[in-house]
Amino acid sequence: MTDQLSSTQITSALVRLSNWSLTQDGLAITRTFVFSNFVDAFGFMTRVALVAEKMNHHPEWSNVYKTVDVRLTTHSANGLTELDVKLAEKMDMLA
C-alpha cells in the first residue's frame, strides 16, 4: 500500500501541479481539462487510460462534450499519495 502524503508534501506537489486544486476534505486533487471538441477530449481520456492501466491507478473522471473533470485520490490509502501526483503529472503532459 502507498502511504498518504503529508501536508508539506501535498503543498509541494501543488506548486508543481499549478492547475490542480486540493479538495475541501484534503483527500483528493481535482482539475478540469477543456479541449476544442469531443474527439480531442475523448482522445485525451484514451491516452490517459493506457497510462493509468500501466500504473494500476485509475482516475475518477467524467466527460461532457469537450470537458473532462478529474478527481485523483488513492482509495486504499484513504487520501493522496505519490501515485496521484505522478498520474496528475502524466495527465498534464498528455493534455
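I will go through the overall layout, then the sheet, then the salt bridges, then that single residue.

Please keep in mind that this is a predicted model. The chain has three helices and four strands. Reading from the N terminus, the elements come in the order α-β-β-α-β-β-α.

On size, the C-alpha trace spans about 35 × 25 × 20 Å along its principal axes. A compact globule with 95 residues would have a radius of gyration near 12 Å, and the 13 Å of this chain agrees with that. Of the 95 residues, 35% count as buried. If we take the contacts with a separation of 6 or more, 64% are between residues 24 or more positions apart.

Now the sheet. The four strands form an open sheet with antiparallel pairing, in the order β1-β2-β4-β3. The edge strands are β1, residues 21-22, and β3, and each of them pairs on one side only.

Let me stay with β3 for a moment. Strand β3 covers residues 60-64, strand β4 covers residues 67-72, and the two pair in the antiparallel sense over five bridges. Two residues sit between the strands of this hairpin, and Y65 there takes a positive phi near 50°. Further along the pair, E60 stands opposite R71 in β4.

That brings me to the salt bridges. How many does the structure hold? There are three salt bridges.

One of them is between the two residues just mentioned: the side chains of R71 and E60 meet at 3.1 Å, N to O. R71 is in strand β4 and E60 in strand β3, so this pair ties together parts that are 11 residues apart in sequence. R71 is partly exposed at 26% relative accessibility, and E60 is partly exposed at 29%.

Another salt bridge joins E89 and R16, with the closest N and O atoms 3.3 Å apart. E89 belongs to helix α3 and R16 to helix α1, residues 7-16, so the parts tied together here are 73 residues apart in sequence. Both ends are partly exposed: E89 has a relative accessible area of 29%, and R16 is at 47%.

The remaining one to describe is D92 with R31, at 2.4 Å, N to O. D92 lies in helix α3 and R31 in strand β2, residues 29-34, so this pair ties together parts that are 61 residues apart in sequence. D92 is partly exposed at 26%, whereas R31 counts as buried at 16% relative accessibility.

Last, the aspartate I promised. D84 is in helix α3, which covers residues 82-94.

What D84 does have is polar partners. Its side chain makes a polar contact of 2.6 Å with the side chain of H57. A polar atom of the D84 side chain also lies 3.2 Å from the backbone nitrogen of T73. Leaving aside residues up to four places away in sequence, D84 touches I29, H57, L72, T73, T74 and G79.

That is the tour; I will take questions.

Methods: Residues are numbered from 1 along each chain as its sequence is written. This is a predicted model: local features need pLDDT of at least 70, side-chain atom pairs count only at pLDDT 80 or more; totals for chains, interfaces and linings use all residues. Side-chain values use heavy atoms; hydrogens and water are left out. Two strands pair if DSSP finds at least two bridges between them. A polar contact is a pair of N or O atoms within 3.5 Å; within protein, one must be able to donate a hydrogen and the other to accept it, and residues adjacent in sequence count only if both atoms are side-chain atoms. Contact means heavy atoms within 4.5 Å. The radius of gyration is taken over C-alpha atoms; the globule rule is 2.2 Å times the number of residues to the power 0.38. Buried means under 20% relative accessible area, exposed over 50%, partly exposed in between (1.4 Å probe, protein chains only). A salt bridge is a side-chain nitrogen of Lys or Arg within 4 Å of a carboxyl oxygen of Asp or Glu.
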